[in-house]
Structures are given as C-alpha cells and as structure tokens.
Amino acid sequence: MASAADENFEFQKIIVVLGFTLLIIKYIAYFLTGSVAIFTDATESIVNVVAACIGIYALYLSAQPADRNHPFGHGKIEIISSAIEGTMIMVAGGIIILESVNSFFNPGEISDLDIGLVLVALAAAANYAVGRVAIRKGRKNRSPALEASGKHLCSDTYSSIGILIGLFVVYIAEGMGYDARWLDSSIAVVFGFIILYTGFGVIKRSADETMDRADEDLIAEVSAMINEYRHDDWIDVYNLRLIKYGPKIYVDMKVVFPRNMTVAQEYVEKQEIDEAVMAKYGDSVETSISCIPCSEFHCRHCERNCMDRSVPFECPLEWTPEKLCCVRPHSPSNKVTIRED
C-alpha cells in the first residue's frame, strides 16, 4: 500500500470502532429515555456503522496497485463508496422524519432525560473530534471515501447538538410540570431534514468526482509548481488536465519545445518535469507529457538562441491556471492561436 492510502485505511478502522461504540451508547440512551429525538440520533449511527464498513473495504481496495484489468488502479471505488454512503444518509433522514411525524401524533413517555443528555453529549464530542480529523486527512490524501466519512460524523454531531438543546428545553419544561413531548418530535423532524440535505451534498460531490470535475485548487497548485520549475526551453505549456483516481493523480499536458530539439533532448526535459512533480507530490502523481514543436508564433516568446528565429524575442508567455488549461497554444492576451502545421 502507498503511505497515504495506508494512512486512510488505518484511520477508517478507528471510525468503524467508534461507530459501533457510539451506536451502543445512543441506543442505551434511547431505551433509558424513550425520546424519539435520541432515536433519530441512534438510527443515524446505524448508517454510520454500515457506511464505515463499506468505506474501509473501499479504502482497502483503493490502495491496491494497478493491474492488468485496472491499469489506472482501483481509486474510483472510493467514489462509489461515497455515493452509497450519501444514499444511506438520505434514507436514514427519511426514516427519521417518518418516525418523528408518527411520534408527534402518538407521543410516548419520556424519562431519565438527565442520563440520556450526558450520553448523547459524550457521543457528539467523540464524533466531532474524529470527524474533523477524517475530513483533514481525506482532503490531504485526496480520499473521497474518508472525507465523506468525516462529513457524516460531523453532520451527526451537529444534529446531536440540536437534539441536546431541544431535549434540555424539554427537561426543564418537564421539571416545571409542562408537557413538552411535542417539542421532542419537532426537533427530530428538523434534524431529519438536515440529514437529508447532508446526504444530498455527499451524493453531489460523488457525481462531480465521477465526471472528473476540475479541482480548481489542485490546478492552481500544479500551475504554481510548473512556474517554479520553468526552463527557457519550455516555451509553452497548455491543455493541462488532472484526473483523480482515489489517492492517485494523473497529470496530462502538452509542452512546446524548440522544433530543432532532438528526441533525446526532449526526453531529458520531460525527465526534469517528472522530477519536479515527484519532488512535490511523490509517487502519488503520474505525468503524461506530449512534446509539441514550436511554430513561428512562438519566436517572440522564446529566449533561446536559434537559427530558425523569425522575429525578435519580446516576452515569455504568462502561465496562469486559466491559460495552462487552454486546449491550444495561446498568446499573453489569451487569444487562441490555431496552428496549421
């Protein structure tokens, strides 16, 4: 396993253990209190456990090296796992809303709220701490599955906080002799819709990943790296594309070199670009570089002493993320230049 993938897999184990532990704690709180709001929290924990188990398998498979049947590796399984988790979150939200509406018209008895509040508060704190770490690790290691798990844990925390506030009001009202069981059900309905919204967000992110939506932050980062290692012989870089397969990133770009360069010289330049990428990202990134010979248009942007120069050097091309992603070579004004060679 690669180091990043191994780190993701090991942390997902912690999420699975936490999920089982908190599931038990929340159901103990539910059976003690009879609160439908706590029932919603416990029901979402079932989703947490199942989703965490799916996630740990996805991260294990994602970490496997490329093979004959999967030449780009197994990273896309994380997107499938994330989509399944989002769907399960939405299903849990729907079940919670239905149960809450039923409880609103047929309220049950609520007891031992003090103990229930303490148990839910402890579970919420543990969820939030682990969820934030999972999100950070998922973003750092480019793991949709781990990030989805973290967001799920944090959304569970937010709903728990709302439930705690509402149940505290119920606890105070019950102590003063008022019947506030309707508030218990109302709180559960509200957070059922919040859970639905969270699930929709996870599914949308998975759809974007499936369609290889451009990662603007990553493009800006790679663009800065290309500018940092820029050589005089790199006249232009364009058609920059990034494709993510779990923790792996594939960088594809076209680089314009002087047309009198030999194949051996171009190979040396490509090696330097590969080394620059490896120095920053390690083996989590692979590059595919197409060498393009320069045209007369490029003379004004090339500082190289060349017998084929047709016009004097004016200025180098500006490589911004927007210009690097252009599909054709371009001028500083970003006007597309169509080559006819």
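Me: Hi! Starting with helix α1, how far apart along it are Y27 and F31?
Reply: They're four residues apart in helix α1 (residues 3-33), which means about one helical turn separates Y27 from F31. Keep in mind that this is a predicted model.

Me: Good to know. How many aromatic pairs are there?
Reply: The count comes to three aromatic pairs. One of them joins Y27 and F31, with ring centres 6.1 Å apart and planes at 40°, so this pair is classed as tilted, between the 30 and 60 degree limits.

Me: And F31 itself, is that residue buried or exposed?
Reply: F31 is exposed, because its relative accessibility is 65%, over the 50% cut-off. F31 also pairs with Y30, again in a tilted arrangement, 5.4 Å centre to centre and with 45° between the planes.

Me: What about the accessibility of Y30?
Reply: Y30 comes out at 23% relative accessibility, so it counts as partly exposed. Ring pairs link Y30, Y27 and F31 into a cluster.

Me: Nice. Switching topic: what sits over the ring of W319?
Reply: That's the charged end of R230, 3.6 Å from the centre of the W319 ring.

Me: OK, on to the strands. In which sense do β2 and β3 pair, parallel or antiparallel?
Reply: Parallel: β2 (residues 248-257) and β3 (residues 285-293) are joined over nine bridges.

Me: How does the chain get from β2 to β3?
Reply: The chain goes through helix α8 (residues 263-281), and this β-α-β crossover is right-handed.

Me: Which residues of β3 stand opposite M253 and D252?
Reply: M253 faces I289 in β3, while the bridge partner of D252 is S288.

Me: How many of the ten residues of β2 are buried?
Reply: Eight of the ten are, so β2 is largely enclosed by the rest of the structure.

Me: What's the C-alpha separation between E85 and I54?
Reply: It's 8.1 Å, for two residues 31 apart along the chain.

Me: What's the volume of the largest cavity, and which residues line it?
Reply: The largest cavity has a volume of about 90 Å³. Its lining includes four cysteines, C294, C299, C302 and C306. Also in the lining are P258, R259, N260, H298, R304, D308 and R309.

Me: Why use a probe to look for empty space?
Reply: Because rolling a probe the size of a water molecule over the atoms shows where empty space is left.

Methods. Residues are numbered from 1 along each chain as its sequence is written. This is a predicted model: local features need pLDDT of at least 70, side-chain atom pairs count only at pLDDT 80 or more; totals for chains, interfaces and linings use all residues. Side-chain values use heavy atoms; hydrogens and water are left out. Rings of Phe, Tyr and Trp (its six-membered ring) pair if their centres lie within 6.5 Å; planes under 30 degrees apart count as stacked, over 60 as edge-to-face and the rest as tilted. Helices (H or I, at least four residues) and strands (E, at least two) are DSSP runs, numbered from the N terminus. Buried means under 20% relative accessible area, exposed over 50%, partly exposed in between (1.4 Å probe, protein chains only). A charge sits over a ring if NZ of Lys or CZ of Arg is within 6 Å of the ring centre and within 35 degrees of the ring normal. Two strands pair if DSSP finds at least two bridges between them. A crossover is right-handed if, with the strands pointing away from the viewer, the path from the first strand over the helix to the second runs clockwise. On a 1 Å grid over the protein atoms alone, a cavity is a set of points where a 1.4 Å probe fits but cannot get out, and a pocket is an open set with protein on both sides within 12 Å along at least five of seven lines; lining residues have an atom within 4 Å of a point. Grid points are joined across faces, edges and corners, and a volume is the space filled by probe spheres set on the points.
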